[in-house]
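Please go through this protein–DNA model with me, one question at a time.

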Amino acid sequence: MAVRRRGKQILIDLDKGLLYVHLGMTGKLLWNGRSGKYTRAFLEFKNGTLLFDDIRTFGRFEFFSAPPANLTNVGPDALVVSFEEFYSRMRKRKGSLKVLLLNQSFIAGVGNIYADEALFAARIHPLARSGRLSERRARVLYESLGEVLALAIEHRGSSISDYVDGAGEQGSFQSLHNVYGRQGETCLRCEGTIRRIVVAQRGTHYCPRCQRV
DNA sequence: CAGATCACCTGCTTGC
DNA sequence: TGCAAGCAGGTGATCT
């Protein structure tokens with residue numbers, strides 16, 4: 001049984017078929033866990049049971065005996081993509097950078113918090129046009145994104161409320177947020193005040209003073 | 001086909 | 001105190 005990941009997608013190869021899992025916002029996998037109010041699905045194996053719990057039901061837990069070819073129709077993983085590919089594909093886009101970073105077909109694995117944090121680290125305005133970013137600034141963004149994601153993984157992500165993962169642990173990256181959720185507070189890098197706007201239906205946080213278009 | 005908008009769902013927070 | 005309204009977010013459907 002091989003377990004793979006691409007972006008936010010978890011793919012588990014079974015003897016016959018494929019299990020596709022997406023945790024959405026609040027999903028978690030439990031091995032031999034106790035089923036409860038939020039257990040949405042389970043799969044029994046010879047040596048145990050895989051449970052899928054999900055409070056907000058944004059996740060997916062699907063078994064395919066014959067997986068469709070386009071099941072993983074997402075771009076290269078954000079931690080794997082080369083700068084050359086990142087930049088050349090970015091240049092062809094006309095929309096804003098925030099939207100592009102969230103687009104899983106561009107690169108896979110970046111969520112709302114990490115898009116805001118990466119743009120802040122790179123000093124780039126979330127509404128900056130993707131196709132107009134200089135190569136030098138694109139490289140800063142690329143490196144910032146890698147650093148933000150690596151640090152977040154090291155801290156087991158950002159836990160909302162009292163959410164715990166399948167191992168019963170909380171993430172702690174939320175205490176390291178430099179811009180996400182800090183609207184109205186002073187920028188940690190300059191004298192600006194963090195602003196919150198809505199982009200692509202998502203809360204977007206940035207410093208209007210040190211993040212340039 | 002790229003981009004924009006809406007809907008889905010549930011627990012927590014806010015306001016009266 | 002209690003209850004209603006507002007909010008959060010990943011993605012897929014739908015429309016332009």
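Q: In which loop is the place of asparagine 32?
A: This is a predicted model, in which local features need pLDDT of at least 70 and side-chain atom pairs count only at pLDDT 80 or more, while totals for chains, interfaces and linings use all residues. Residues are numbered from 1 along each chain as its sequence is written, chains are lettered from A and ligands numbered from 1 in the order in which they are written, and side-chain values use heavy atoms, with hydrogens and water left out. Helices (H or I, at least four residues) and strands (E, at least two) are DSSP runs, numbered from the N terminus. On that numbering, asparagine 32 sits in the loop between strand 4 (27-31) and strand 5 (39-45).

Q: What is the phi of asparagine 32, and is the residue buried, partly exposed or exposed?
A: Most residues other than glycine have a negative phi. Asparagine 32, although not a glycine, has a positive phi of about 60°. Buried means under 20% relative accessible area and exposed over 50%, with partly exposed in between (1.4 Å probe, protein chains only). Because its relative accessibility is 48%, asparagine 32 counts as partly exposed.

Q: Where is alanine 200, and what relative accessible area does it have?
A: Alanine 200 is placed in the loop between strand 8 (195-199) and strand 9 (202-206). Its phi is positive, about 55°, although alanine 200 is not a glycine. Alanine 200 is partly exposed, since its relative accessible area is 45%.

Q: With which side chain does the side chain of aspartate 53 make a polar contact?
A: Aspartate 53 belongs to strand 6 (residues 48-54) and counts as buried because its relative accessibility is 11%. Leaving out residues up to four places away in sequence, aspartate 53 touches Thr26, Gly27, Lys28, Leu30, Tyr38, Thr39 and Arg40, where contact means heavy atoms within 4.5 Å. A polar contact is a pair of N or O atoms within 3.5 Å; within protein, one must be able to donate a hydrogen and the other to accept it, and residues adjacent in sequence count only if both atoms are side-chain atoms. For the side chain of aspartate 53, such a contact is made at 2.8 Å with the side chain of threonine 39.

Q: How many residues of helix 3 are buried?
A: The buried residues of helix 3 include Asn112, Tyr114, Asp116 and Phe120, and what covers the buried residues includes helix 2, helix 4 and strand 9. Helix 3 is largely enclosed by the rest of the structure, because the number of its 10 residues that are buried is nine.

Q: What arc do the buried residues of helix 4 cover around the axis?
A: The buried residues of helix 4 are Ala138, Leu141, Ser144, Leu145, Val148, Leu149 and Ala152. They lie on the same side of helix 4, because the arc they cover around the axis, taken from the directions from the helix axis to the C-beta atoms, is only 125°.

Q: Which exposed residues are on the face of helix 4 turned away from its buried side?
A: The buried residues of helix 4 pack against helix 1 (83-91), helix 2 (97-102) and helix 3 (112-121). The face turned away from that buried side carries the exposed residues Arg136, Glu147 and Glu154.

Q: How far from a phosphate oxygen of DNA strand B is a polar backbone atom of lysine 94?
A: Of the 11 residues around DNA strand B, those that come nearest are Tyr38, Ile55, Thr57, Lys94 and Gly95, a residue being near a strand if one of its heavy atoms lies within 4 Å of it. For the polar backbone atom of lysine 94, the distance to a phosphate oxygen of DNA strand B is 3.0 Å.

Q: Which residue has a polar side-chain atom 2.3 Å from a base nitrogen of DNA strand C?
A: Of the atoms of DNA strand C within 4 Å of the protein, 55% belong to sugar or phosphate and the rest to bases. Of the 13 residues around DNA strand C, His22, Phe58, Tyr180, Arg196 and Arg202 come nearest. The polar side-chain atom that lies 2.3 Å from a base nitrogen of DNA strand C belongs to arginine 202.
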